[in-house]
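This briefing covers helix packing, a strand and a loop residue. Please look at the structure first, then read the points below.

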Amino acid sequence: MRYRTLAAWCRRRLGGRMRKIPLDAGFSCPNRDGTLSFGGCVFCNQAGSGTGLLHKGFDPRAQWDRLAAKFVNDPDEPHPWAYLQSFSNTHGPVEKLAAVLAQVAALPGVRGLCLGTRPDCLDPEKLDLLAAAPLPVRLELGLQSANDRTLARINRGHDAACFARAVTGAAARGLDVCAHVIAGLPGETLEDFLATMDFLAALPVWGVKFHNLFVARGSLLERSWRAGEYQPMERAAYVAWMARAIPRLRADMVVERINADPAPGELLAPDWASDKSGVIRDIRQALKDLDTWQGRDRDAPDAMPQW
């Protein structure tokens, strides 16, 4: 393997696979509730990458019982971690975050928490609370691009410096941070994407999730796409970008995801974004063809690490 996968990290650190159970705790987003805007980032739709189970009458405990029971009760199954995935799960008063953390910690059989949020929804008080949680917490923190012009173009609502402050504060408290980045954002070039890799590698970032930009039903990007103002990148281009980007990462970083995973019924374009396993094979083959690996352009130039 030419990059450090989450599975490799789990084998070494947990002794087995991690299974993330998505939970909806009812948080919103400053780009949705009017704190910053109502439209959201251009790539996001009203689902906010969530299950929607809370609005169907399932509180977090009921969601856990519904989705995690078979993994909790089977000793041969992976480690079940709660995953607060929908929207920005530190947005709002600290008291709400404290109550949700207490709920998650009380879930039967839970081994840890992955929490998705935005860098501008973290302050020292919330970081202290997360660091003191009674179970391991890993932050999934949206960056998308280190180019401030791109961030403004996609209606992100924060700059790259905000992300750097949040990562530094989290790492100082012993919290792992997995950064989310997107290839193919409007107006971005390969050089912009590689600069984002250099930005991440210079920060105390634990891992990264890569996403190819796709047009999600109900997103602002859908309007641009239907108007002919945005054209998704080709599959070959995404593979080529990834083969250039991965070697720019530090060798110790975890590549938790290497391409996007659209929800059922969500994908409008490009069609190739639905072939997740095929794209992964293409990227691995491209790395092999180039005889390159994670860290080769950074801190492991001479030999491929044994993850």
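The model is predicted: local features need pLDDT of at least 70 and side-chain atom pairs count only at pLDDT 80 or more, while totals for chains, interfaces and linings use all residues. Residues are numbered from 1 along each chain as its sequence is written, and side-chain values use heavy atoms, with hydrogens and water left out.

**Helices α9 and α10**

- Helix α9 spans residues 235-245 and helix α10 residues 276-289; they pack at about 50°, with axes 9 Å apart.
- Axes are lines fitted to C-alpha atoms, for helices over the stretch in contact, and angles run from 0 to 180 degrees between N-to-C directions.
- Helices (H or I, at least four residues) and strands (E, at least two) are DSSP runs, numbered from the N terminus.
- On the α9 side, Arg235, Tyr238, Val239, Met242 and Ala243 are in contact (heavy atoms within 4.5 Å) with Gly278, Val279, Asp282, Ile283, Ala286 and Leu287 of α10.
- This contact of α9 with α10 holds eight nonpolar residues, one polar and two charged; Ala, Val, Leu, Ile, Met, Phe, Trp, Tyr, Cys and Pro count as nonpolar, Asp, Glu, Lys and Arg as charged, and the others, Gly among them, as polar.

**Helices α3 and α4**

- Helix α3 (residues 94-105) packs with helix α4 (residues 124-131) at an angle of about 10°, the axes being 10 Å apart.
- The two helices α3 and α4 are therefore roughly parallel.
- Val94, Leu97, Ala98 and Leu101 of α3 meet Glu125, Lys126, Leu129 and Leu130 of α4.
- Six nonpolar and two charged residues, with no polar ones, make up the contact of α3 with α4.

**Strand β2**

- Strand β1 (residues 18-23) runs parallel to β2 and is joined to it by six bridges (strands pair if DSSP finds at least two).
- Met18 has His79 in β2 as its bridge partner.
- Four bridges join β2 to strand β3 (residues 112-117), also in parallel, and Tyr83 is bridged to Cys114 in β3.

**Gly174**

- Gly174 sits in the loop between α6 (160-172) and β5 (176-183).
- Gly174 counts as exposed (over 50%) because its relative accessibility is 62%.
- Gly174 and Val137 are 37 residues apart in sequence and 9.4 Å apart in space, C-alpha to C-alpha.

Methods
Angles under 35 degrees count as roughly parallel, over 145 as roughly antiparallel, 65 to 115 as roughly perpendicular and the rest as oblique. Buried means under 20% relative accessible area, exposed over 50%, partly exposed in between (1.4 Å probe, protein chains only).
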